[in-house]
Structure formats: structure tokens, C-alpha cells
Amino acid sequence: EFCDALRGRITVFAGATGPAERQAAGQEIFYALNDFIAFNLYHMNREETVFLPLLWKHFSDVEILAMQQQIVAAVDPSFLMAQSRWIMRSISNQELRQWLSGIRRGAPDHVYQGFVKMALEEIGERRFAELAL
């Protein structure tokens, strides 16, 4: 819902013809973006405070990892790769290092090397060097 609203506002902005129309459409993008961010922050907070404790209460780490692997295996690879690029841009070096380490442990070497190459492309040489892989 919030994502569709934001996309709709962006479409209106792209089709705006004059400065006043663009300004009004830009303001609508601002409000839609705020709604989108608020929804996602609320959603992530509930995941951290409600759902994760429930998962850990009822499942072992091994069971959770197996579920995660089933979910990832069901995702279209091109979508997964596009999402991975955005994730790499937004997580800390420690999180990225842990993520790549998990890929190294659980995937064939060519998959790991592909993610390492992607990380270099997405975060730049200076930040990549800080990973000390």
C-alpha cells in the first residue's frame, strides 16, 4: 500500500508539466515517503521486539536457518541479486562481513565470489578494504 502510493506520487511528478505542478507533486512525494518510512520502521520494530523473540522461543537456530534457506531458495535469483545490492549499501561493515562469511560457508565458491565482486561495486574500494575479507 505505502510502496504503491509512493510509486504513484513519483509517476505524477514525472508527468508534471509546470513548476507549480512539480512542486505540488514533490510535496506529495515527501508525504508519501514519510508514510513509507514510518510504516517500515514500525514493521521492523515489531519484528525485533515481537516476532524474533517468538521465533527464538519456538525454534532452534538450526531450524530458523533451515527456514531461511528455504525462503531464499524460493526467491527469483534476479530479484535476490537486486535486493542484495541495496542491502550491501545500507548495512554496516560488520554486518556485511558476517553476511559474506555466511555466504562463504553455505554457498559454492563462485556464488561467494559473485557477492564479493558485488560488494566491491556497491560500497567502493575504500570501504571494501575495511572489510578485510
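1. The structure is a predicted model, in which local features need pLDDT of at least 70 and side-chain atom pairs count only at pLDDT 80 or more, while totals for chains, interfaces and linings use all residues. Residues are numbered from 1 along each chain as its sequence is written, and side-chain values use heavy atoms, with hydrogens and water left out.

2. Helix H1 (residues 2-15) and helix H2 (residues 19-58) have axes that come within 9 Å and cross at roughly 165 degrees (axes are lines fitted to C-alpha atoms over the stretch in contact, with angles from 0 to 180 degrees between N-to-C directions; helices are DSSP runs of H or I, at least four residues, numbered from the N terminus). H1 and H2 are therefore roughly antiparallel to each other.

3. Where H1 meets H2, the residues of H1 include Phe2, Leu6, Ile10 and Phe13, and those of H2 include Ala25, Ile29, Phe36 and Phe39 (contact means heavy atoms within 4.5 Å). By class, this contact of H1 with H2 has 13 nonpolar, two polar and five charged residues (Ala, Val, Leu, Ile, Met, Phe, Trp, Tyr, Cys and Pro count as nonpolar, Asp, Glu, Lys and Arg as charged, and the others, Gly among them, as polar).

4. For helix H5 (residues 93-106) and helix H6 (residues 109-131), the axes come within 11 Å and cross at roughly 160 degrees, and H5 and H6 are therefore roughly antiparallel to each other. Among the residues making the contact are Leu96, Trp99 and Ile103 of H5 and Tyr112, Phe115 and Ile123 of H6; the contact divides into eleven nonpolar, one polar and four charged residues.

5. Helix H4 (residues 77-90) packs on H5 at an angle of about 140 degrees, with the axes 8 Å apart. Ser84, Ile87 and Met88 of H4 touch Leu96, Trp99 and Leu100 of H5, and these residues comprise five nonpolar, one polar and no charged.

Conventions
Helix = DSSP H or I, 4+ residues; strand = E, 2+ residues; numbered from the N terminus. Parallel < 35°, antiparallel > 145°, perpendicular 65-115°, else oblique.
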